[in-house]
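Hi everyone, thanks for having me. Let me put the structure up on the screen, and then we can walk through it together.

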Amino acid sequence: MLVFTVCHPSQLSNAHVLGDSLMSSNPEVEFLIGLCGDVNINTKFKIVELPKLIPNFKDLALKFDESELLSVCKTFLFKNLIDDNYSDNYIFFDCQSVVLQSLDCIAAEFANNNLLITPQILHSSVHPDEKQILNSGIFHAGFIGVNNSEESKKFINWWYANTFKKGYRSLCKGLNQDQLWLELAPTLFEGVKIIKLDGLNIGKWNHLERML
């Protein structure tokens, strides 16, 4: 199983914190960092410099802002890895994540599912503005899991194509980088599992409801 993240050079320290936390609880997994830039440093983690892989990277950097570009790079790296059959299963974590326990419960889901996604909130009438979740996305793109199946490849190709063309953050136009596309995944693709675990995907937007 491969776990990876994507970051700008200024976020590389965050990616290393993620890698260290992952290795402390999951020493058997491989960790990779996709870098949206060039940097000359020594690191214990494998780094893929995405400007060297993505055609017309400079044009994309002019088209999208930094946050949007990160989403574009994420979907490109997902496609590149799965096209190359790099691993049997892939898990993406946002570079500002921390892993505090074993990923075995997630890895077990790949046996019967192609795509793993997680909701932003799990409990009704707790979040102070549920409408905001509807605008920005029911599912959180900071965690995505896929196996190396043909159905997963169909999803990744579709996600990649839409993010490259329309990966802007414009909520009034129904766009939020790579995230809002996940709303369609359960109906467009087979084997999509919505993982409802209180301990997965905890952030400032939902920590109050996870303390119930």
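Predicted model: local features only at pLDDT ≥ 70, side-chain atom pairs only at ≥ 80, totals over all residues.

Now, back to our serine. Ser 125 has a positive phi of about 65°, although it is not a glycine. Is Ser 125 buried or exposed? With 68% relative accessibility, Ser 125 counts as exposed, because the cut-off for that word is over 50%.

There is another residue of this kind to look at, Asn 85. Its phi is near 50°, again a positive value in a residue other than glycine. You can find Asn 85 in the loop between α3 and β4, just after α3. Asn 85 is partly exposed, with a relative accessible area of 44%.

That brings us to the helix α3 itself. What happens at the N-terminal end of α3? Asp 65 caps that end, with a side-chain oxygen 3.1 Å from the backbone nitrogen of Ser 67. And how many of the 18 residues of α3 are buried? The count is 13, so α3 is largely enclosed by the rest of the structure. Here is a handy thing to remember about helices: an α-helix has 3.6 residues a turn, so residues three or four places apart point the same way.

Next, the largest pocket. It holds about 1,300 Å³ of space. It is lined by 44 residues, and the closest to its centre are Asp 94, His 140, Gly 142, Asn 201 and Trp 205. The elements that give two or more residues to this lining are α3 (66-83), β4 (89-93), α4 (104-107) and α5 (130-136). Which of the elements gives the largest share of the lining? Our friend α3 does, with five residues. By type, the lining residues divide into 19 nonpolar, 19 polar and six charged.

Now let's turn to the cysteines. How many disulfides does a search of the whole structure find? The search finds zero. Take Cys 95: its nearest cysteine sulfur belongs to Cys 7 and is 5.4 Å away, while a disulfide needs the two sulfur atoms within 2.5 Å. Cys 95 is buried, with a relative accessible area of 1%. Cys 105, in contrast, is partly exposed, at 41%.

Finally, let's look at two pairs of residues that are separated along the chain. Phe 164 is found in helix α6, residues 150-166, and it is buried, with a relative accessible area of 16%. Phe 164 and Cys 73 are 91 residues apart in sequence, and their C-alpha atoms are 8.9 Å apart in space. From Leu 182 to Ile 138 it is 44 residues in sequence, and 8.2 Å in space from C-alpha to C-alpha.

Methods: Residues numbered from 1 in each chain as written. Heavy atoms only, no water. 1 Å grid on protein atoms, 1.4 Å probe; cavity = no way out; pocket = protein on both sides within 12 Å on 5 of 7 lines; lining within 4 Å. Points joined across faces, edges and corners; volume = space filled by probe spheres on them. Helix = DSSP H or I, 4+ residues; strand = E, 2+ residues; numbered from the N terminus. Nonpolar A, V, L, I, M, F, W, Y, C, P; charged D, E, K, R; others polar. Buried < 20%, exposed > 50% of the residue type's maximum accessible area, 1.4 Å probe, protein only. Polar contact = N/O pair within 3.5 Å; in protein donor to acceptor, adjacent residues only side chain to side chain.
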